[in-house]
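This report is for a reader who has not seen this structure before. Please look over the sequence and the model first.

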Amino acid sequence: MVKALLIALGIFLFINLVVGLILPPFIVYRVLLVRTKKEKWGRKCSETKDAEQVTMFEEGEKWGEQYASYREEVFIQSDGFKLAGWYFDFGCSKAVIILSGRSESCLYSCYFAEPYRQMGYNLLLVDNRCHGLSEGKYNNVGYTEWVDVLAWGKFLHDEKKNRSIICHGICIGSATALYAMVDKSCPDYFQGLVADGMFTTFRDSFHNHLVEGKYPKFPTTLIVMSLIKKHSHADAFHDGPINRIAAYKKPILFLYSKEDRFSLPEEAQRVYDACTAPKQIVWFDKGRHSHIRINNKQKYDESICNFLKEFCS
């Protein structure tokens with residue numbers, strides 16, 4: 001009788017351990033990094049209750065409509081996926097690829113487009129893999145998506161006849177662009193990178209999210225990073241921009257906010273210090289992660305224009 005009770009107690013405790021500790025990280029991964037239905041991460045505002053996010057999306061949407069006569073819906077194949085985007089042809093000889101962060105589409109990316117239009121760039125605003133109209137199920141935080149950047153670059157260069165290309169990445173988008181541009185296969189026509197909120201590693205950024213939200217760090221970080229590794233075959237625990245930035249050789253502009261709780265200022269400085277390429281860093285006093293421009297649009301756009309004039313003309 002006692003043995004049976006101990007066995008039952010053991011089973012009860014094991015079930016509670018699974019439900020209380022192990023199951024939640026799988027749910028977190030599924031919510032944050034798996035496209036479970038077509039409507040998820042579509043061409044809509046990702047945070048309808050966030051006033052700044054709504055404003056950014058709506059202003060981007062208006063920008064897209066303002067220049068709709070220059071816009072073309074474009075598609076490519078990359079790594080077995082059909083990818084979609086908007087190409088704005090302003091009759092220039094150079095282009096920028098804008099890569100948004102997690103859960104955003106090309107409509108959101110329109111919000112960041114204006115300084116490039118002013119500086120004489122055609123624009124490619126992409127639906128990242130498993131976002132918008134692009135195919136895919138797993139968001140591998142740049143570890144696999146970097147090949148898509150090179151595929152889009154080839155499209156811009158070979159089909160649209162742009163002689164040079166700049167990348168502008170926000171959060172994961174900046175890491176994705178970096179991974180593409182340090183690869184040996186990256187063509188010379190990729191000329192520079194503007195990195196908004198680039199993190200050290202995704203593990204660090206994810207850890208900071210958990211701290212900010214007061215969520216348990218163990219075993220959530222361990223399980224989520226393991227699942228990323230399962231689907232991307234990359235070392236999500238250790239590998240990230242901080243490990244690859246030394247191999248980057250083209251001009252780069254780092255944009256960071258002192259209020260960023262996910263790419264912490266001290267972590268951002270580490271990435272900048274490790275970079276040996278021609279570089280600039282611009283600090284902003286206000287703006288949470290990925291929300292720098294909305295808090296100081298003039299400085300944000302001027303920083304990009306000045307960088308392009310000095311390094312990418």
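This is a predicted model: local features need pLDDT of at least 70, side-chain atom pairs count only at pLDDT 80 or more; totals for chains, interfaces and linings use all residues.

## The nonpolar core

The largest nonpolar core holds 92 residues. Those that touch the most other members are I97, Y116, L123, F190, L193, I228 and F254. Helix α6, residues 172-182, provides the largest share of this core, with seven residues. In soluble globular proteins, nonpolar side chains tend to be buried together.

I97 shows how such a residue is surrounded. Neighbours within four places in sequence aside, I97 is in contact with L124, V126, V149, W152, G153, L156, I165, I166, C167, H168 and F190. One of these, F190, is also among the core residues that touch the most other members.

## Helix α11

Helix α11 runs from residue 297 to 311 and has 15 residues. From its first C-alpha to its last it reaches 21 Å, close to the 21 Å expected at 1.5 Å a residue.

Within α11, the buried residues are Y300, D301, S303, I304, C305, F307 and L308. The elements that cover them include α4 (114-118) and the strands β5 (164-170), β6 (190-196), β7 (252-257) and β8 (279-284). An α-helix has 3.6 residues a turn, so residues three or four places apart point the same way.

Of its 34 lining residues, L32, E47, R102, H209 and F262 are the closest to its centre. Helix α7 gives the most to this lining, with seven residues, and α1 (2-33) supplies at least two. By class, the lining has 14 nonpolar, ten polar and ten charged residues.

The second largest pocket has about 170 Å³ of space. Its lining consists of R35, K38, E39, G42, R43, G132, L133, S134, E135 and G136. One of these residues is nonpolar, four are polar and five are charged.

S205 lies in helix α7, residues 202-213. S205 counts as buried because its relative accessibility is 2%, under the 20% cut-off.

P265 is found in helix α10, residues 265-274. P265 has 21% relative accessibility, so it counts as partly exposed. Beyond four places in sequence, P265 is in contact with S257, K258, D260 and W283. P265 and F199 are 66 residues apart in sequence, and their C-alpha atoms are 9.8 Å apart in space.

Methods:
Residues are numbered from 1 along each chain as its sequence is written. Side-chain values use heavy atoms; hydrogens and water are left out. Helices (H or I, at least four residues) and strands (E, at least two) are DSSP runs, numbered from the N terminus. Buried means under 20% relative accessible area, exposed over 50%, partly exposed in between (1.4 Å probe, protein chains only). Contact means heavy atoms within 4.5 Å. A nonpolar core is a set of buried Ala, Val, Leu, Ile, Met, Phe, Trp, Tyr and Cys residues joined through side-chain atoms within 4.5 Å. The expected span of a helix is 1.5 Å times one less than its number of residues. On a 1 Å grid over the protein atoms alone, a cavity is a set of points where a 1.4 Å probe fits but cannot get out, and a pocket is an open set with protein on both sides within 12 Å along at least five of seven lines; lining residues have an atom within 4 Å of a point. Ala, Val, Leu, Ile, Met, Phe, Trp, Tyr, Cys and Pro count as nonpolar, Asp, Glu, Lys and Arg as charged, and the others, Gly among them, as polar. Grid points are joined across faces, edges and corners, and a volume is the space filled by probe spheres set on the points.
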